[in-house]
Amino acid sequence: MKKIYVILFTVFLNVGLFSCTPTSMQEQVPSSTGECCGEDGDLEPPPPPPPPPEGKTIKSSN
C-alpha cells in the first residue's frame, strides 16, 4: 500500500514541477507589434537557387 502512495506522490510532484504556467506561456507568445519582421517590417526575399552543375542540363518532364 505504501508503494501506491509513493507512486502517486511522485506522479503529482512531476506534474506540478513540469506543468506550464500562464505567465510562462504569455512570455513565449510573440506580440503582434511587428517584432517578428525586423526593424522596417519587410521580409527579405529568399536567396535564388544555385546554378546547375557544369556539363549537366535540366530536362523538363513534358
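Modeller: M1, I4, Y5, L8 and F12 make up a nonpolar patch on the surface, with about 620 Å² of accessible area together (Shrake-Rupley method, 1.4 Å probe, only the protein chains shown counting as cover). Patch members have over 30% relative accessible area and no salt bridge (a Lys or Arg side-chain nitrogen within 4 Å of an Asp or Glu carboxyl oxygen), and nonpolar side chains (Val, Leu, Ile, Met, Phe, Trp, Tyr) are joined within 5 Å. This is a predicted model, where local features need pLDDT of at least 70, side-chain atom pairs count only at 80 or more, and totals for chains, interfaces and linings use all residues. Numbering starts from 1 along each chain as its sequence is written, and side-chain values use heavy atoms, leaving out hydrogens and water. Now look at Y5: it sits in helix α1, residues 2-18 (a DSSP run of H or I, at least four residues, numbered from the N terminus). Y5 is exposed, at 53% relative accessible area (exposed is over 50%, buried under 20%, partly exposed in between; 1.4 Å probe, protein chains only).

Terms used. Patches are made of residues with over 30% relative accessible area and no salt bridge: like charges are joined within 9 Å, nonpolar side chains (Val, Leu, Ile, Met, Phe, Trp, Tyr) within 5 Å. Helices (H or I, at least four residues) and strands (E, at least two) are DSSP runs, numbered from the N terminus.
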